[in-house]
Amino acid sequence: MNAHATPTEACTGSALGLLFRQTRDAMWARMAKELADAGHDLTFSQFIAIKKLATGTASVTDLARAADLNPGAMTRLLDKLEARGLLVRVADPADRRALHIHLTETGVAMWRDIDQCGQRVRERALQGMDDATRTQLTRLLEQVRDNLVAED
């Protein structure tokens, strides 16, 4: 971005949208490198599924929504993670049609390691910013997100 741009020029829709995309892509590229360096072969969607399961059980629908996948694609992704011994699917005793998906001990151990990878990426992204600036950045990004998802 041009260092001499006015505030209005700096926040044109295309420049702002591009900056968000570049930031997202750079975060994931750095995360993929951290994961690879730590010996973890995970796609972004697999990472998201493991992250969501780290907080407890979830349904296929919950996981698909979190990873922005359709339920069929999420089922295939879960098949791969289950084959690696990272999660199990257990029938709900109250509703045999429903499944509870949760991490195995191996999955929890992997989560602890990949969470450390994420912490290193976040710290790198925010280096040079004090706590107040980090808090302000988060607040501003939340406001942008909330503005865009608000009903008209």
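The model is predicted: local features need pLDDT of at least 70, side-chain atom pairs count only at pLDDT 80 or more, and totals for chains, interfaces and linings use all residues. Residues are numbered from 1 along each chain as its sequence is written, and side-chain values use heavy atoms, with hydrogens and water left out.

**Exercise 1. Surface and overall form**

Step 1. Buried residues (under 20% relative accessible area; exposed is over 50%, partly exposed in between, 1.4 Å probe, protein chains only) make up 24% of the 152 residues.

Step 2. Along the principal axes, the C-alpha trace spans about 60 × 40 × 25 Å.

**Exercise 2. Secondary structure**

Give the number of helices and strands and their order.

Step 1. Helices (H or I, at least four residues) and strands (E, at least two) are DSSP runs, numbered from the N terminus.

Step 2. The protein chain has seven helices and two strands.

Step 3. Read from the N terminus, the order is α-α-α-α-α-β-β-α-α.

**Exercise 3. The salt bridges of Asp25**

Identify the residues linked with Asp25 in a network of salt bridges.

Step 1. A salt bridge is a side-chain nitrogen of Lys or Arg within 4 Å of a carboxyl oxygen of Asp or Glu; the count by this rule is 10.

Step 2. Asp25 pairs with Arg21 at 3.5 Å, N to O. The two are four residues apart in helix α2 (residues 13-37), so about one helical turn separates them.

Step 3. Asp25 is partly exposed at 36% relative accessible area, while Arg21 is exposed at 52%.

Step 4. Arg24 also forms a salt bridge with Asp25, with the closest N and O atoms 2.8 Å apart. The network therefore links Arg21, Arg24 and Asp25.

**Exercise 4. A pair between two elements**

Find which elements the salt bridge of Asp79 and Arg89 ties together.

Step 1. The side chains of Asp79 and Arg89 meet at 2.5 Å, N to O.

Step 2. Asp79 lies in helix α5 (residues 71-83) and Arg89 in strand β1 (residues 87-92), so the pair ties together parts 10 residues apart in sequence.

Step 3. Asp79 is partly exposed, with a relative accessible area of 38%.
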